[in-house]
Amino acid sequence: MSMLDSPAFVMTTQADGQPAGALVAFASQTSVQPPSFMVSVPLDSRIHEVANRSEYVALHVLPRNQQVLAELFGRRGDGAAETFARCPWRGGPAGMPILDDAAAWFVARTYSRSPVGDHVAYLLEPVAAWAPDGPEDLLYLSDLDEDLDPGQEAPQRLHDGSRSDANGRYGLRFTLDVP
């Protein structure tokens, strides 16, 4: 599964004046009409603890030059106050923390929460979004340090994460031979 590269997303939220944020390893659009998105975070994480008390979350996609920001939110152990003190952010729609250095972001209402193994899947309904007018070269999970913890232990890599020109900017392309 590590062959399936995806953009690096940071989820932020806040409840009772306590901001929380984390790099997420599992995220995907689930519907075009009505628009919906799913993100999964570890059951034992601070982001889940805070998001479970909040009606909203914000999802940020990062530009390629923000590896440091991904690493900041990808390492467990820092308290939320220290993490947010080390990056520029502001209050956004529904009071959600918005990272100033994100390539794009959206705020979403949590439609449902479902346990999935050792994670919780949040089904989200976007309510506000911002994206630049032009294209942005995005940061992908394979661009990050293998020691980084996007909420879980890193699995053994099946490939080295390198992308050739044939792979394009959206990760690997592959086909399956079906008899």
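1. Phe73 counts as buried because its relative accessibility is 4%, and the cut-off for buried is under 20%. The model is a predicted one. Phe84 is also at 4% relative accessibility, so Phe84 counts as buried as well.

2. The structure holds four aromatic pairs. One of them joins Phe9 and Phe37: the ring centres are 5.5 Å apart and the planes stand at 65°, so this pair is edge-to-face. It links distant parts of the chain, with Phe9 in strand β1 and Phe37 in strand β4 (residues 36–42), 28 residues apart. Phe9 and Phe37 are both buried.

3. Phe73 and Phe84 form another pair. Their ring centres lie 5.4 Å apart with the planes at 75°, so this pair too is edge-to-face. Phe73 sits in helix α2 (residues 67–74) and Phe84 in helix α3 (residues 80–85). The two are 11 residues apart, and the pair links distant parts of the chain.

4. Now strand β5, residues 56–61. This strand is mostly covered, with five of its six residues buried. Strand β1 (residues 9–15) runs antiparallel to β5, and four bridges join them.

5. Across it, His60 faces Trp105 of β8.

Note on methods:
Residues are numbered from 1 along each chain as its sequence is written. This is a predicted model: local features need pLDDT of at least 70, side-chain atom pairs count only at pLDDT 80 or more; totals for chains, interfaces and linings use all residues. Side-chain values use heavy atoms; hydrogens and water are left out. Buried means under 20% relative accessible area, exposed over 50%, partly exposed in between (1.4 Å probe, protein chains only). Two strands pair if DSSP finds at least two bridges between them. Rings of Phe, Tyr and Trp (its six-membered ring) pair if their centres lie within 6.5 Å; planes under 30 degrees apart count as stacked, over 60 as edge-to-face and the rest as tilted.
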